[in-house]
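Hi,

Here's the structure I promised to pass along.

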Amino acid sequence: MDEMKATEPDDRSTVRLNSTQQAILGWVVAGCPPDVYPEDEYSHRVSARALKNRGLIEISGHGKSWRATPTERGRRWPEATEEDRRERAHLARAAPRVAVEQGSAKVESGALGRALQRMPRRKPAEKEPLPVKKVNRQETYMRYRVVVTRVQIAEKWVRATDEEDAARKVQEEFAKPYSYFGNWDTKASEVEIIEAEQTTVIHPSKLSESGPMLLSLKDAAAALGIPYSALYELTNRGDIEYTKMGSRKYIQRESLMNFIATNTHRGYYPG
């Protein structure tokens with residue numbers, strides 16, 4: 001692997017590695033010789049886990065029995081394998097379809113534009129400006145799919161008859177939901193971005209500050225986004241303050257905000 005020669009793009013692996021990952025892959029291909037990485041450090045094992053996720057090596061055991069062996073793809077990296085060629089062929093087949101769809105859209109757009117140019121133009125009649133309706137402002141963000149690999153160590157005394165019984169009890173403890181094993185000490189970690197997609201966030205509209213101080217139950221229910229009957233029941237139970245004028249109930253804007261703040265929770269809430 002040290003004698004890497006320049007090759008054509010089609011002859012190179014589709015997997016890209018940074019310098020640290022390349023060094024660890026070379027170490028695994030060489031048979032994991034000792035005294036290269038300190039035994040009390042685990043950063044190389046975290047990077048090795050990323051190599052396993054990419055199909056370059058296999059990992060077995062843990063602690064002192066930890067072992068890493070290269071796969072066929074890992075031994076031949078950065079040269080392409082049959083798996084790389086299949087991935088590249090799949091991407092090549094998908095690219096023409098995208099180009100055809102984009103080309104068809106451009107043709108339709110161009111034909112429509114020429115048709116519009118041939119149509120006789122009329123002088124637009126003078127009209128009063130249309131009222132502008134404010135809509136929710138949209139913002140575009142990127143959402144990333146992240147894989148986090150960590151190496152953690154914890155110690156605990158286990159009462160057992162022998163070593164196998166002790167290991168079995170620890171495994172049973174791990175299998176329990178919300179089990180507590182002890183204080184974990186993170187020795188190494190690695191964060192890898194494996195996918196990204198674009199998403200649109202629509203911000204909710206807020207109550208206008210220049211509006212009336214009191215809202216009818218109908219308007220208050222619309223502002224909260226709940227049915228009128230639900231808000232009526234909340235006022236009857238005393239869960240939300242209201243002001244009564246004659247036979248009608250009104251709710252202050254401040255009472256709406258206080259109700260939202262009081263009933264906003266994070267995590268599990270035994271309601």
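Glu-172 comes out as partly exposed, at 41% relative accessibility. In this predicted model, its salt-bridge partner is Arg-168, with the closest N and O atoms 2.8 Å apart. Arg-168 is partly exposed too, with a relative accessible area of 42%. Shared partners in salt bridges link Asp-165, Arg-168, Lys-169 and Glu-172 into one network.

Within that group, Lys-169 and Asp-165 also form a salt bridge, at 3.9 Å from N to O. They are 4 residues apart in helix α5 (residues 163-175), so again about one helical turn lies between them. Is Asp-165 buried or exposed? Asp-165 counts as buried because its relative accessibility is 11%, under the 20% cut-off. Lys-169 is partly exposed at 33%.

The structure holds 6 salt bridges. One of them joins Arg-75 and Glu-72, with 3.2 Å between the closest N and O atoms. These two are 3 residues apart in helix α3, so they are separated by about one helical turn. Arg-75 has a relative accessible area of 45% and Glu-72 one of 44%, which makes each partly exposed.

Now the backbone. The peptide bond from Trp-77 to Pro-78 is cis, with omega near 10°; Pro-78 is in the loop between α3 (72-76) and α4 (82-118). In the loop between α1 (19-29) and α2 (43-53) you'll find Cys-32, a non-glycine with a positive phi of about 55°. Asp-35 is in the loop between α1 and α2, has a positive phi near 65°, and is exposed at 79% relative accessibility.

Cheers

Conventions. Residues numbered from 1 in each chain as written. Predicted model: local features only at pLDDT ≥ 70, side-chain atom pairs only at ≥ 80, totals over all residues. Heavy atoms only, no water. Buried < 20%, exposed > 50% of the residue type's maximum accessible area, 1.4 Å probe, protein only. Salt bridge = Lys/Arg side-chain N within 4 Å of Asp/Glu carboxyl O.
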